[in-house]
Amino acid sequence: NVIDPLEVIEKFGTDSFRFTLTAMAAQGRDIRLSEERIEGYRHFVNKIWNAARFVLMNLEGYEPGAPERAGLELKDRWILSRLNALTSRVCASLDDYRFNEAANSLYQFIWHELCDWYLENAKPALYQKEDAERRLRTQQVMVRVLRTALELLHPVMPFVTEEIWQKLPGAGQSIVITRFPAVQQHEQDSRAEADMDMIIQVVTAVRNIRSEM
């Protein structure tokens with residue numbers, strides 16, 4: 001439909017253009033591009049940048065390592081379980097060449113579950129510096145989830161993911177040569193997901209009532 005890819009890349013960026021093509025590449029479907037759709041995914045790139053900036057700004061006193069699972073709060077157990085489910089979906093989608101499903105799974109997780117819910121719920125633990133252990137556990141989970149999400153997203157958005165990944169603590173030579181994330185069955189926590197889902201539904205309902213009233 002007469003869209004020059006070089007002009008689109010110049011206007012919206014390579015990663016947003018690549019993600020648009022991937023998200024729309026359903027099997028047996030012709031892609032009808034529009035600049036509005038590409039611009040929408042540019043906002044997604046900005047969302048990733050803002051999330052990474054928040055994480056990097058709240059790493060004072062951070063020590064690398066995996067937190068003891070027994071000490072994790074509901075929000076931490078929930079996001080790790082959701083990350084595990086995301087890894088499973090993305091790997092299965094890529095294996096079956098359902099690239100659009102992999103892209104949409106990543107979009108929903110990063111925008112809604114990571115940014116809208118986990119990072120917002122992490123703020124009390126990060127800002128309350130009196131409890132250093134709680135703060136460190138939240139930092140470790142936050143870095144782990146962001147790093148894994150970037151590695152899952154890297155085949156679709158290679159440039160922004162490499163740039164952010166290199167800024168995270170303990171970054172190696174390149175995200176390109178890291179092992180692709182694998183499912184961690186021990187982090188699956190259906191109880192945490194159910195409890196957090198109830199909280200999300202209640203908060204969402206309250207917000208809807210406030211907007212209507």
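Arg-147 is located in helix H6, which spans residues 132-153; helices are DSSP runs of H or I of at least four residues, numbered from the N terminus. The model is predicted, so that local features require pLDDT of at least 70 and side-chain atom pairs pLDDT 80 or more, whereas totals for chains, interfaces and linings use all residues. Residues are numbered from 1 along each chain as its sequence is written, and side-chain values use heavy atoms, with hydrogens and water left out.

Arg-147 is buried but forms no salt bridge, where buried denotes under 20% relative accessible area with a 1.4 Å probe, protein chains only, and a salt bridge places a side-chain nitrogen of Lys or Arg within 4 Å of a carboxyl oxygen of Asp or Glu. The nearest side chain of opposite charge, that of Glu-151, is 5.2 Å away. Beyond the neighbours within four places in sequence, Arg-147 is in contact with Trp-165, Leu-168, Pro-169, Gly-170 and Ala-171, contact being heavy atoms within 4.5 Å.

Helix H1 (residues 5-12) packs against H2 at about 120 degrees, with the axes 7 Å apart. Axes are lines fitted to C-alpha atoms over the stretch in contact, and angles run from 0 to 180 degrees between N-to-C directions. H1 and H2 are therefore oblique to each other, a class left after angles under 35, over 145 and 65 to 115 degrees are set aside. Pro-5, Val-8, Ile-9 and Phe-12 of H1 meet Thr-14, Ser-16 and Phe-17 of H2.

The axes of H2 (residues 14-23) and H5 (residues 99-127) come within 7 Å and cross at roughly 120 degrees. In H2, Phe-19, Thr-22 and Ala-23 meet Phe-99, Asn-100, Ala-103, Asn-104 and Tyr-107 of H5.

Definitions and conventions: Helix = DSSP H or I, 4+ residues; strand = E, 2+ residues; numbered from the N terminus. Buried < 20%, exposed > 50% of the residue type's maximum accessible area, 1.4 Å probe, protein only. Lys, Arg positive; Asp, Glu negative; His and termini not counted.
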